[in-house]
Amino acid sequence: MYDGDIASVLITEQQISEKISELAEQVAKDYPETGADLVLVGVLKGAVMFMTDFARALPVPVQLEFMAVSSYGSATSSSGVVRILKDLDRDIAGRDVVIVEDIIDSGLTLSWLLKNLASRNPRSLEVCTLLRKPDAVKVEVPVKYVGFEIPNEFVVGYGLDYAERYRDLPYIGTLDPKVYS
Ligand SMILES: O=P(O)(O)OC[C@H]1O[C@H](OP(=O)(O)OP(=O)(O)O)[C@H](O)[C@@H]1O
Ligand code: HPA
């Protein structure tokens with residue numbers, strides 16, 4: 001599939017699966033079953049694969065919510081101004097909430113999202129991301145659960161796209177430069 005487009009495999013399907021088990025164990029420990037279920041907020045579309053695998057790996061009951069947001073500005077870099085395309089279906093006031101992200105790159109999307117969700121008065125609000133790039137440290141975003149720290153390269157697969165392609169790859173890889181040209 002996508003013959004020749006992938007320059008290298010950065011994280012294999014098995015590494016992803018092992019990491020998700022570790023993250024799920026960590027999160028389950030921090031949220032022992034109480035009266036109300038934990039709410040996972042997945043950020044469309046990139047986080048879909050991670051969200052569904054992560055929810056199934058968690059040994060505590062969770063409710064799934066999704067948000068779709070879009071950044072104004074250029075396609076390649078986030079401007080930090082975010083618009084809600086699809087909002088949550090439910091009120092999160094008083095609930096334990098974990099934002100589930102595929103990647104934190106500049107950190108601008110997440111920093112906006114944290115402020116937006118915090119204003120809805122959840123009982124607690126944390127972030128779980130599969131990938132984080134070093135640039136993310138430029139914006140101060142508190143992220144409790146991080147799967148992999150990756151180099152500052154454009155990656156695709158496992159939900160991550162380039163021009164809406166490659167989201168369906170089961171692993172995470174880098175793109176051959178010929179794809180961009
Ligand atoms: O830290 P940042 O620089 O803000 O980048 C991270 C965001 O960018 C990607 O979403 P994108 O806007 O590409 O939408 P998609 O998930 O639909 O691909 C990714 O899923 C994160 O939400
Ligand atoms: O490296 C990336 N790949 C795909 N989508 C992204 N959104 C932010 N960073 C990336």
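In which sense do β1 and β9 pair, and over how many bridges? They pair in the antiparallel sense, over 4 bridges. The points below start with the ground rules and then come back to that pair.

1. **Ground rules.** This is a predicted model, in which local features need pLDDT of at least 70 and side-chain atom pairs count only at pLDDT 80 or more, while totals for chains, interfaces and linings use all residues. Residues are numbered from 1 along each chain as its sequence is written, and chains are lettered from A and ligands numbered from 1 in the order in which they are written.

2. **Overall layout.** The chain has 3 helices and 9 strands, where helices (H or I, at least four residues) and strands (E, at least two) are DSSP runs, numbered from the N terminus. Read from the N terminus, the order is β-α-β-α-β-β-β-α-β-β-β-β. The radius of gyration is 16 Å, close to the 16 Å that the globule rule gives for 181 residues, so the chain is as compact as a globular protein of that length. That radius is taken over C-alpha atoms, and the rule is 2.2 Å times the number of residues to the power 0.38. Along its principal axes, the C-alpha trace spans about 50 × 35 × 25 Å.

3. Of the 181 residues, 32% are buried. A residue is buried if 20 or more other C-beta atoms lie within 10 Å of its own, exposed if 12 or fewer, and partly exposed in between, with C-beta atoms placed from the backbone. Among contacts with a separation of 6 or more, 64% join residues 24 or more positions apart; a contact means that the C-beta atoms, placed from the backbone, lie within 7 Å.

4. **The β1-β9-β8 sheet.** Back to the opening pair: 3 strands form an open sheet in the order β1-β9-β8, with antiparallel pairing. Two strands pair if DSSP finds at least two bridges between them. The edge strands are β1 (6-11) and β8 (155-156), each pairing on one side only. β8 is joined to β9 (residues 172-175) by 2 bridges. Val 155 stands opposite Thr 174, and the bridge partner of Val 156 in β9 is Gly 173. Val 9 also stands opposite Gly 173.

5. **The nonpolar core.** The largest nonpolar core has 44 residues, and Leu 40, Phe 50, Phe 54, Val 98, Ile 99 and Val 100 have the most contacts inside it. Such a core is a set of buried Ala, Val, Leu, Ile, Met, Phe, Trp, Tyr and Cys residues joined through C-beta atoms within 7 Å. β5 gives the most to this core, with 6 residues. Leaving aside neighbours within four places in sequence, Phe 54 is in contact with Ile 20, Leu 23, Ala 24 and Val 100.

6. In α2 the buried residues are Met 49, Phe 50, Met 51 and Phe 54, and their cover includes α1, β2, β3 (62-71), β5 and β6. In α3 the buried residues are Leu 108, Thr 109, Leu 110, Trp 112 and Leu 113; what covers them includes β2, β3, β4 (82-86), β5 and β6.

7. **Ligand 1.** Here 17 residues surround the ligand, the closest being Lys 45, Gly 46, Asp 105, Ser 106 and Thr 109. A residue is near a molecule if its C-beta atom, placed from the backbone, lies within 6 Å of it. β2 (38-44), β5 (96-104) and α3 (108-118) each supply at least two residues of this shell, and the largest share, 4 residues, comes from β5. By class, the shell divides into 6 nonpolar, 6 polar and 5 charged residues. Ala, Val, Leu, Ile, Met, Phe, Trp, Tyr, Cys and Pro count as nonpolar, Asp, Glu, Lys and Arg as charged, and the others, Gly among them, as polar.

8. **Ligand 2.** Around this ligand are Ile 103, Asp 105, Phe 154, Val 155, Val 156, Leu 160 and Asp 161. The shell has 5 nonpolar, no polar and 2 charged residues.

9. **Asp 37.** This residue lies in the loop between α1 (13-30) and β2. Asp 37 counts as partly exposed because it has 14 C-beta neighbours inside 10 Å. Not counting residues up to four places away in sequence, Asp 37 touches Pro 61, Val 62 and Gln 63.

Key:
Two residues are in contact if their C-beta atoms, placed from the backbone, lie within 7 Å.
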